[in-house]
Amino acid sequence: MKEASFSPKSPESPESSSAGAFPRTLFLLSVIPGGPETVSGGLRRPRHEDAHNAAILTLRQGLGIFASPEFQKNGALTRENLERAMRKPLPDLPEIMTEPLGKPYFRDPCLPCFSFAHSGNLVFLGISDCPLGVDAERVTARRNLDGISKRFYSPEEQNYLKEAETPSAMTERFFELWTLREAAGKLTGAGIQDFEKTRVIPGAGRLSVAGKEMRAFSGKVLLCNDIWYLAAALPAGKHSGICPLPELITGSPEGFSLASWKLWTKED
């Protein structure tokens, strides 16, 4: 075991009025071993303790990679440097605190911010110099998707659903939007309570909460014939240049493929 060492966070605040470098950010996706109960497509439902252990292991792996000299310097890793970082001993898990509504954070303010989501057999983790929120959802054909969208989604979002060419495409769009909303709520720390203040405009590539613009990333994952959507939200801030696509480290579990990973919000 060892402690991870980090370079100081960027002095650029998300609310800064001057343009600066984009915060160092990376994402990890882990597959949780299944338990005895089969769910679908050959997947087995993970036991609670296995899901918890996978989340902690993923967080420790993420901290080790984030603390690597190459990532601290460049905010990105070559494949060779990533493999080198993953071979090193995992750092100890720092003390974790939670905000009143449950958002976790490291007690040590010098450590990076993090957010993670667990859905079925997947753990999705984000680590960054700035606050962030992530979400992951397995696509399921629930009967009440129409009712949920009418309750929570804006007219622009509902039109986006109606424009889908097939029912399955509409279901996927529903979860694409839902994960973006959940990620935004995890960023603010208010969760679903902020849904009424959240505005998603798919055509314009805009995501905001209470008028504050966010930068969002979205992905689609296939695992044993099931589909998951991923989303991450960070403060938009004011930065120079084109936003780089953060690392998404996935490994190569059997039956897994990354269908897409992109910047969802549009740059001005």
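Predicted model: local features only at pLDDT ≥ 70, side-chain atom pairs only at ≥ 80, totals over all residues.
Visitor: How many helices and strands are in the protein chain?
Guide: The protein chain has six helices and twelve strands. Both are DSSP runs, numbered from the N terminus: helices are H or I with at least four residues, strands are E with at least two.

Visitor: What makes the pair of arginine 47 and aspartate 50 a salt bridge?
Guide: A salt bridge needs a side-chain nitrogen of Lys or Arg within 4 Å of a carboxyl oxygen of Asp or Glu. Here the closest N and O atoms are 3.0 Å apart. So the pair qualifies. The structure holds twelve salt bridges.

Visitor: Why can such side chains pair?
Guide: Side chains of opposite charge can pair when their charged atoms come close.

Visitor: Why is aspartate 50 called buried?
Guide: Buried means under 20% relative accessible area, exposed means over 50%, and partly exposed lies in between, with a 1.4 Å probe and protein chains only. Aspartate 50 has 18%, so it is buried. Across the protein chain, buried residues make up 47% of the 268 residues.

Visitor: Where do lysine 150 and aspartate 146 lie?
Guide: Both lie in helix H4, residues 145-152. They are four residues apart, about one turn of the helix. Lysine 150 has a relative accessible area of 55%, so lysine 150 is exposed. Aspartate 146 has 47%, so aspartate 146 is partly exposed.

Visitor: What makes glutamate 156 and arginine 199 a salt bridge?
Guide: Their closest N and O atoms are 3.2 Å apart. This pair links distant parts of the chain, 43 residues apart. Glutamate 156 sits in helix H5 (residues 155-162), arginine 199 in strand E7 (residues 198-201). Glutamate 156 is partly exposed at 28%. Arginine 199 is partly exposed at 44%.

Visitor: What makes a set of residues a nonpolar core?
Guide: Its members are buried Ala, Val, Leu, Ile, Met, Phe, Trp, Tyr and Cys residues, joined through side-chain atoms within 4.5 Å. The largest such core has 26 residues. Tyr153, Phe174, Trp178, Leu207 and Met214 touch the most other members. Among the elements giving two or more residues are H4, H5, helix H6 (167-188) and strand E8 (206-209). H6 gives the most, eight residues. Apart from this core lies another, of 21 residues, including Leu223 and Leu248.

Visitor: Which residues does tyrosine 153 touch?
Guide: Contact means heavy atoms within 4.5 Å. Not counting residues up to four places away in sequence, tyrosine 153 touches Ile148, Gln158, Leu161, Phe174, Leu177, Trp178 and Arg181.

Visitor: Why are H5 and H6 called roughly antiparallel?
Guide: Axes are lines fitted to C-alpha atoms, for helices over the stretch in contact, and angles run from 0 to 180 degrees between N-to-C directions. Under 35 degrees counts as roughly parallel, over 145 as roughly antiparallel, 65 to 115 as roughly perpendicular, and the rest as oblique. H5 and H6 pack at about 150°, with their axes 8 Å apart. They are therefore roughly antiparallel. Residues in the contact include Tyr160 of H5 and Phe174 of H6.

Visitor: What makes alanine 210 exposed?
Guide: Alanine 210 has 58% relative accessibility, so it counts as exposed. Alanine 210 lies in the loop between E8 and E9. Its phi is near 55°, a positive value in a residue other than glycine. Most residues other than glycine have a negative phi.

Visitor: Why does asparagine 225 count as exposed?
Guide: Its relative accessibility is 75%, so asparagine 225 counts as exposed. Asparagine 225 is found in the loop between E9 and E10. Its phi is also positive, about 70°, although asparagine 225 is not a glycine.

Notes: Residues numbered from 1 in each chain as written. Heavy atoms only, no water.
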